[in-house]
Amino acid sequence: MTIELYSKPMCVQCNQSKKTLDKLGLNYVVSDVTEDEKAYEFVTQELGYSAAPVLVIKNESGDVVSSWSGFQPEKLEALAK
């Protein structure tokens, strides 16, 4: 499982998501959608989200198995189990 966090600077929900992932001991990769055009296009065009943060869960093959927008601690906690 791979966790990808798409965020932007000065985003309270993005920072809360990072803090929660760190607290839960989960490894994740962060992409700043304001600096990475490919990340921005993936989140907005392929996934259809318009607000940060966006969390994407991929399986070992790299396929998206789950994604959501916003700070959702209950979903993050479920990943840790």
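Reader: Why is S17 called buried?

Author: In this predicted model, the relative accessibility of S17 is 0%. Buried means under 20%, so S17 counts as buried.

Reader: What is S17 in contact with, leaving aside its neighbours within four places in sequence?

Author: Setting those neighbours aside, S17 touches L5, P53, L55, F71 and L76. Contact here means heavy atoms within 4.5 Å. S17 itself lies in helix 1, while P53 sits in the loop between helix 2 (37–46) and strand 3 (54–58).

Reader: What makes the peptide bond from A52 to P53 cis or trans?

Author: Look at omega: for the bond from A52 to P53 it is near 0°, and the bond is cis. As background, most peptide bonds are trans.

Reader: Back to helix 1, then. Why are helix 1 and helix 3 called roughly parallel?

Author: Start with the angle. The axes of helix 1 (residues 12–24) and helix 3 (residues 73–80) cross at roughly 25° and come within 10 Å. Angles under 35 degrees count as roughly parallel, and therefore helix 1 and helix 3 are described that way.

Reader: Is the crossing of helix 1 and helix 3 left-handed or right-handed, and which residues make the contact?

Author: Helix 1 passes helix 3 in a right-handed crossing. From helix 1, the contact is made by S17, T20, L21 and L24; from helix 3, by L76, E77 and A80. Sorted by class, this contact has 4 nonpolar, 2 polar and 1 charged residues.

Reader: How do you know that C11 and C14 form a disulfide?

Author: The sulfur atoms of C11 and C14 are 2.4 Å apart. The cut-off for a disulfide is a pair of cysteine sulfur atoms within 2.5 Å, so C11 and C14 qualify. A search of the whole structure finds 1 disulfide. Both C11 and C14 are buried.

Reader: What makes the disulfide of C11 and C14 left-handed or right-handed?

Author: The torsion about the S-S bond decides this. For C11 and C14 the torsion is about 75°, so the disulfide is right-handed.

Reader: And M10: is it buried or exposed, and how do you know?

Author: M10 has 82% relative accessibility. Exposed means over 50%, so M10 counts as exposed. M10 is placed in the loop between strand 1 (2–7) and helix 1.

Reader: What is the phi of M10?

Author: Phi of M10 is near 60°, a positive value in a residue other than glycine. For comparison, most residues other than glycine have a negative phi.

Key. Residues are numbered from 1 along each chain as its sequence is written. This is a predicted model: local features need pLDDT of at least 70, side-chain atom pairs count only at pLDDT 80 or more; totals for chains, interfaces and linings use all residues. Side-chain values use heavy atoms; hydrogens and water are left out. Axes are lines fitted to C-alpha atoms, for helices over the stretch in contact, and angles run from 0 to 180 degrees between N-to-C directions. Helices (H or I, at least four residues) and strands (E, at least two) are DSSP runs, numbered from the N terminus. Angles under 35 degrees count as roughly parallel, over 145 as roughly antiparallel, 65 to 115 as roughly perpendicular and the rest as oblique. A crossing is left-handed if the near helix is turned anticlockwise from the far one by less than a right angle, and right-handed if clockwise. Ala, Val, Leu, Ile, Met, Phe, Trp, Tyr, Cys and Pro count as nonpolar, Asp, Glu, Lys and Arg as charged, and the others, Gly among them, as polar. Buried means under 20% relative accessible area, exposed over 50%, partly exposed in between (1.4 Å probe, protein chains only).
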